[in-house]
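Subject: Structure for you, with notes

Hello,

Here is the structure I promised to hand over. My notes follow below it.

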Amino acid sequence: MMNTKIKVNIIFKPGIPSARTKGGGDQTACKMLYEALKKRNDIEIYYNGLVKDGPYDILHFHSFGDVFFKYVKKENKSKIVFTAHVIADTMLGSALLAEKWKGLFSQYLLLFYNQADLVIAVSPLEVEKLKEMGVKTKIVFIPNGVDLSLFKKNENLRRKTREEFNIKDDDIVLLSVGHMIKRKGFDTFAKMAEKLPQYKFVWVGGIPFSFLSGGYSEIKKIIKNPPENLILPGPCPHDELNKFYSMADIFFFPSRQENFSIAVLEASAVGLPLLLRDLKEYKEPLSPNYIAGTEETFEENIKLLAENKNLREEYSKKALKIAEKYNIERVANETVKVYKEILNLS
């Protein structure tokens with residue numbers, strides 16, 4: 001079955017519409033990995049390759065659903081790798097009444113993760129969470145990555161995007177990117193905008209699951225009557241997001257649960273100081289290169305960053321360290337290592 005190159009089929013078939021482009025952060029991570037693997041001479045790579053184009057040495061899934069069983073039934077000699085972008089906790093605050101069906105959803109995820117030869121966890125904390133869920137398959141930590149050629153500070157984009165949204169050059173702009181749901185902290189972002197009218201707040205994204213989204217009624221109320229300084233451009237194609245990162249001064253991301261946020265990596269690549277909610281999942285992979293805040297301290301944190309240019313510059317440099325550490329090329333290298341291990345090629 002083995003060729004001189006490892007034949008890999010990366011599979012992502014989203015079952016739910018996204019607030020970003022076609023797919024959320026999980027699909028973005030998947031596509032960036034695919035693009036990085038395309039550049040290598042030791043991998044023959046496919047993205048959602050057809051069953052008839054097989055057999056494949058590796059089936060690398062980034063989403064779950066009936067497509068998994070279609071491939072696995074046919075490609076029964078392929079090694080199966082599953083990147084776990086979703087755990088049961090991911091749905092809390094993302095979808096309506098998730099706390100009621102979290103246990104059932106956990107069992108659903110295990111149908112996929114426990115049939116894999118290897119599960120990739122995208123954060124150190126997620127390794128433990130997957131074990132707690134009941135994943136018996138071997139789990140390794142490989143983070144999401146960021147394409148440093150796509151995301152970098154662009155002064156021309158900064159100027160043009162500020163003009164587009166009538167933002168003055170000397171205005172302080174706080175940015176967030178993601179689904180407008182309770183889990184992502186959209187409500188907190190809007191509350192800070194209301195408390196701090198002297199700054200501009202920009203949230204790029206949309207509501208992913210319509211009325212089934214977590215905190216839907218509260219979020220719709222905010223959208224209907226937002227604070228004057230809260231700008232809501234809506235969803236944005238991934239390849240155009242750099243204009244928003246470039247026009248911002250601070251990345252304020254009050255998400256309540258993350259596995260390994262792509263938006264945080266993208267913001268770090270542009271050198272935006274990171275103000276994140278104080279979550280355990282951030283500590284090991286990102287410390288000490290961001291500011292950790294809470295509902296009680298966000299207002300003070302924002303003022304400190306907004307009014308202290310030296311502090312912003314300090315955390316801009318720290319953010320760039322994060323981006324370099326999680327460069328997609330490094331992530332691709334780690335991924336190929338595990339491909340070779342499960343194929344007994346290392």
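First, a term: a residue is buried under 20% relative accessible area, exposed over 50%, and partly exposed in between (1.4 Å probe, protein chains only). This is a predicted model, so local features need pLDDT of at least 70 and side-chain atom pairs count only at pLDDT 80 or more, while totals for chains, interfaces and linings use all residues. Residues are numbered from 1 along each chain as its sequence is written, and side-chain values use heavy atoms, with hydrogens and water left out.

Surface patch

Leu-111 is partly exposed, at 46% relative accessible area. Leu-111 sits in helix H3 (residues 98-113). Helices here are DSSP runs of H or I with at least four residues, strands are runs of E with at least two, and both are numbered from the N terminus. With Phe-69 and Tyr-108, Leu-111 makes a nonpolar surface patch of about 260 Å² accessible area together. Such a patch takes residues with over 30% relative accessible area and no salt bridge, and joins nonpolar side chains (Val, Leu, Ile, Met, Phe, Trp, Tyr) within 5 Å, or like charges within 9 Å. Areas come from the Shrake-Rupley method with a 1.4 Å probe; for residues, only the protein chains shown count as cover.

Helix H4

Helix H4 covers residues 124-133. Its buried residues are Pro-124, Leu-125, Glu-126, Val-127, Leu-130 and Met-133. Just after H4, Gly-134 has a positive phi of about 115 degrees.

Salt bridges

The model has 22 salt bridges. Each is a side-chain nitrogen of Lys or Arg within 4 Å of a carboxyl oxygen of Asp or Glu.

- Asp-42 and Arg-40 meet at 2.9 Å, N to O. Asp-42 is buried at 17%, whereas Arg-40 is partly exposed at 23%.
- Arg-159 pairs with Glu-163, with the closest N and O atoms 3.5 Å apart. Both lie in helix H5 (residues 155-164), four residues apart, about one turn of the helix. Arg-159 is partly exposed at 43%.
- Glu-295 pairs with Arg-277, with the closest N and O atoms 2.9 Å apart. Glu-295 is in the loop between strand E12 (291-293) and helix H11 (298-307) and Arg-277 is in strand E11 (residues 274-277), so the pair ties together parts 18 residues apart in sequence. Arg-277 is buried at 10%, while Glu-295 is partly exposed at 22%.

Glu-295 and Arg-277 also belong to a salt-bridge network with Lys-182, Asp-187, Lys-191 and Arg-256.

Cavities

There are two cavities of 30 Å³ or more. A cavity is a set of points, on a 1 Å grid over the protein atoms alone, where a 1.4 Å probe fits but cannot get out; lining residues have an atom within 4 Å of a point. Points are joined across faces, edges and corners, and a volume is the space filled by probe spheres set on them.

The largest cavity has a volume of about 110 Å³. Of its 15 lining residues, Leu-33, His-62, Pro-143, Asn-144 and Val-331 are closest to the centre. Helix H13 gives the most to this lining, three residues.

The second largest cavity holds about 40 Å³. Helix H10 (280-286) and helix H9 (262-269) each supply at least two residues of its lining. H10 has the largest share, with four.

Best wishes

Key
1 Å grid on protein atoms, 1.4 Å probe; cavity = no way out; pocket = protein on both sides within 12 Å on 5 of 7 lines; lining within 4 Å.
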